[in-house]
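This briefing covers selected local features of one protein model.

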Amino acid sequence: MDVPSLMRQAVRLYGDRTAIITEDRTLTFAQAWERGVRLANALRALGVRPGDRVAGVEDNNLGAADLFIGCAIAGAVRVPLYARNARRSHGHMLAQTAARVVLADAAYADTVTGLEAEIRTLEHVVVRDAGYEDWLAGQSADDPMVEVGPDDWYIIRHSAGTTGRPKGVGYTQHDWLVNCRNWFYRLAPLRMSSVVGHAAPISHASGYLWLPAWLHGSANLQFGSFEPEKVLA
């Protein structure tokens with residue numbers, strides 16, 4: 001099986017249930033999927049084709065969910081960047097993966113803006129600024145139904161670079177599903193009423209828990225930027 005097919009199945013089963021909770025919005029599976037479809041079509045309009053690399057630097061917000069879903073629908077290989085990294089590290093990860101597009105929260109725009117002039121493969125920098133919602137709403141809501149297979153690349157995650165520069169680690173569609181399953185072995189069983197809170201970055205280890213929650217019909221709670229008092233409350 002592949003990730004987008006299983007995600008579509010969850011939308012059919014749980015469409016009216018709560019899928020995403022952010023600091024200021026709650027979305028059902030159907031609503032979150034539609035946003036992902038619109039982003040997928042926006043990426044395709046920018047020239048992204050299955051297997052192309054699309055990067056993102058953001059907090060655990062609605063934009064992060066858009067990218068998670070949108071890349072899966074478009075068949076794009078997601079390349080999570082780390083918000084705390086410097087511009088130089090972003091550039092290294094983008095160049096190493098031959099990323100064609102990077103999306104960035106407005107708070108991190110200055111760490112990636114202009115890199116398209118420095119990195120040969122990078123063609124577009126999309127900033128989630130005040131115009132992002134209108135831009136997204138202007139895209140087609142028709143699911144492009146891009147075909148991917150279990151052996152196609154799904155994501156390239158990077159090591160922290162503790163010894164030298166960060167190193168990309170690729171996962172196929174099948175491998176990502178298996179890896180996420182393995183992460184949940186030691187955790188409490190999910191129920192449909194479960195809420196999975198993401199205090200740590202979805203771009204890093206918390207990202208292994210996002211997809212299992214979606215596939216089970218549970219809700220993903222995304223706290224935004226990490227603030228201990230907010231998360232505890």
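Val112 sits in the loop that runs between β5 and β6. The model is predicted, and all values below are computed from it. Val112 is buried, its relative accessible area being 0%.

- Beyond its neighbours within four places in sequence, Val112 is in contact with Val57, Arg87, His90, Val102, Ala104 and Val125.
- Val102 is 10 residues away from Val112 along the chain, and the C-alpha atoms of the two are separated by 7.9 Å.
- Thr111 also has its place in the loop between β5 (101-105) and β6 (124-128).
- Thr111 has a relative accessible area of 15%, and because the limit for buried is under 20%, Thr111 counts as buried.
- A polar atom of the Thr111 side chain lies 2.6 Å from the backbone oxygen of Tyr108.
- With neighbours within four places in sequence left aside, Thr111 is in contact with Arg87 and His90; Arg87 and His90 are also among the contacts of Val112.

**Helix α3**

- Of the 13 residues of α3, 13 are buried, so the helix is largely enclosed by the rest of the structure.
- At the start of α3, a side-chain oxygen of Asn61 comes to within 3.1 Å of the backbone nitrogen of Gly63.

**Largest pocket**

- The volume of the largest pocket is about 430 Å³.
- Its lining consists of 22 residues, and Glu58, Asp59, Ala83, Pro201 and Ser203 are those that lie nearest the centre.
- By class, the lining of the largest pocket holds 12 nonpolar, 6 polar and 4 charged residues.

**Second largest pocket**

- The second largest pocket has a volume of about 360 Å³.
- It is lined by 20 residues, of which Asn61, Leu62, Gly63, Asp105 and Arg128 lie nearest its centre.
- α3 gives the most to the lining of the second largest pocket, with 3 residues.
- The lining of the second largest pocket divides into 4 nonpolar, 6 polar and 10 charged residues.
- Asn61 and Gly63, both listed nearest the centre of this pocket, are also the pair in the contact at the start of α3.

- Ala98 is not a glycine, yet has a positive phi of about 55 degrees.
- The place of Ala98 is in the loop between α4 (87-97) and β5.
- Ala98 is partly exposed, with a relative accessible area of 35%.
- Met145, also not a glycine, has a positive phi of about 50 degrees.
- Met145 is found in the loop between α5 and β7 (153-158).

Terms used: Residues are numbered from 1 along each chain as its sequence is written. This is a predicted model: local features need pLDDT of at least 70, side-chain atom pairs count only at pLDDT 80 or more; totals for chains, interfaces and linings use all residues. Side-chain values use heavy atoms; hydrogens and water are left out. Buried means under 20% relative accessible area, exposed over 50%, partly exposed in between (1.4 Å probe, protein chains only). Helices (H or I, at least four residues) and strands (E, at least two) are DSSP runs, numbered from the N terminus. A polar contact is a pair of N or O atoms within 3.5 Å; within protein, one must be able to donate a hydrogen and the other to accept it, and residues adjacent in sequence count only if both atoms are side-chain atoms. On a 1 Å grid over the protein atoms alone, a cavity is a set of points where a 1.4 Å probe fits but cannot get out, and a pocket is an open set with protein on both sides within 12 Å along at least five of seven lines; lining residues have an atom within 4 Å of a point. Grid points are joined across faces, edges and corners, and a volume is the space filled by probe spheres set on the points. Ala, Val, Leu, Ile, Met, Phe, Trp, Tyr, Cys and Pro count as nonpolar, Asp, Glu, Lys and Arg as charged, and the others, Gly among them, as polar. Contact means heavy atoms within 4.5 Å.
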